[in-house]
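I opened the model today and kept these notes as I went, one topic at a time.

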Amino acid sequence: MSYANFVSLNRKAYAPSIIARFARNSSFKVLGQEEDKERINQLFSLLSLSETGAVLINHAKEQKYRFKMNKGMFEYGGANPYTKVVNLNPKYNNGRLVGTLAHELRHLMQYSSGAMPEINSLDFKSYMMQNRAMEADAEALGVLVSWELKKAGFPDSWNIYKKESPHLATAFENNINISKEKAMTETFKAWYDNKALIDTYDSFQVSDLENIDEYDDCKFDKKLSSANIIKMLCKDPVTEKKYFTEADSLLEEEKYITISDNNKKRAERFLNDEMLIEEYGVKDFSYKKLPVRDDARYKKAKKSSGKKTTNKRVDYSSDAIMIAQNKLLGR
Ligand SMILES: [Zn+2]
């Protein structure tokens, strides 16, 4: 059965009353105590009220992921494609966690589309573009789901996005009357406005490189173009059609590949290493062409832009998710 058929046949089965039942004999394995299972089932019930959420749920079910409330974690949540476990932090309320769940389930879908954090094979620039786009897309989906939940009478998740990532919520809100595709594209693009967040994700990438202890498998020669990445990631899960309304080359543009001076220097320190080049034959100089952010100018612009900064303020909500992923990936 094709995925499209699978989804359309099953979509009706996700009415909340059924989810509550489905919870008990679901093919989702919920790890942990009864109360944790209850909570996870509540989140699935809530998520299933969003059309997009229901499709994300179906996909995770098909992929046989397991779910866990993890009291020990510091982050909102994390998804591990190797162990097939999604962790959520019970400390946060359902409004927050339903957005996190949507974000994590979207990552599972990205993995199925061929996006994987192949730190050993992609060149630095390709990995960076993919890594950033995965987060931008997962957040765009989180915002979309929260919008759909608001329309269904459950505004908590939307209100959290409005408060904590206003640049994303505003980008979506200002464009949803034009089209869903445009709203998702603008939300995706708005993700790149948070430069501190980008730096954090990039710094995880560099740390991952620095922590590689086995150079034998290091190639760093596989390339992904902006068009490859957009084609792989930017699909509406409901229609299965591309949602991206901008040029496919967008991710090659300066704004999308600008890197902090510090992260670029760290990348260079690693990749320009004599041993790596001579003994292991690594020749990845893709970092060299990445434009460096003029941090002084960025700071000044931030200071002088007055009210505008609320739209582009620094938020770390998604870093937390990234930290979780990295930890759970054991990297
Ligand atoms: Zn993420």
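I noted the ground rules next. The model is predicted, so I read local features only at pLDDT of at least 70 and side-chain atom pairs only at pLDDT 80 or more, while totals for chains, interfaces and linings use all residues. Residues are numbered from 1 along each chain as its sequence is written. Helices (H or I, at least four residues) and strands (E, at least two) are DSSP runs numbered from the N terminus.

Of the 331 residues, 43% are buried, where buried means 20 or more other C-beta atoms within 10 Å of the residue's own, exposed means 12 or fewer, and partly exposed lies in between, with C-beta atoms placed from the backbone.

I then returned to H6, where 26 of the 28 residues are buried. The helix is followed by Gly-153, which has a positive phi near 95 degrees.

Lys-84, not a glycine, has a positive phi of about 55 degrees, and I placed Lys-84 in the loop between strand S3 (77-80) and strand S4 (85-88). Lys-84 counts as partly exposed because it has 15 C-beta neighbours inside 10 Å. Glu-240, also not a glycine, has a positive phi of about 60 degrees and sits in the loop between helix H11 (226-233) and helix H12 (254-257). With 12 C-beta neighbours inside 10 Å, Glu-240 counts as exposed.

Last, I looked at a helix pair. Helix H10 (residues 195-210) and helix H13 (residues 261-271) pack with their axes 10 Å apart, at an angle of about 15 degrees, and that angle makes H10 roughly parallel to H13 (angles under 35 degrees count as such). Between them I listed contacts (C-beta atoms, placed from the backbone, within 7 Å) that involve Asp-199, Asp-202, Ser-203, Val-206, Leu-209 and Glu-210 in H10, and Asn-263, Arg-266, Ala-267 and Phe-270 in H13. I sorted the residues of this contact into 4 nonpolar, 2 polar and 4 charged.

Terms used:
Axes fitted to C-alpha atoms, helices over the stretch in contact; angles between N-to-C directions. Parallel < 35°, antiparallel > 145°, perpendicular 65-115°, else oblique. Contact = placed C-beta atoms within 7 Å. Nonpolar A, V, L, I, M, F, W, Y, C, P; charged D, E, K, R; others polar.
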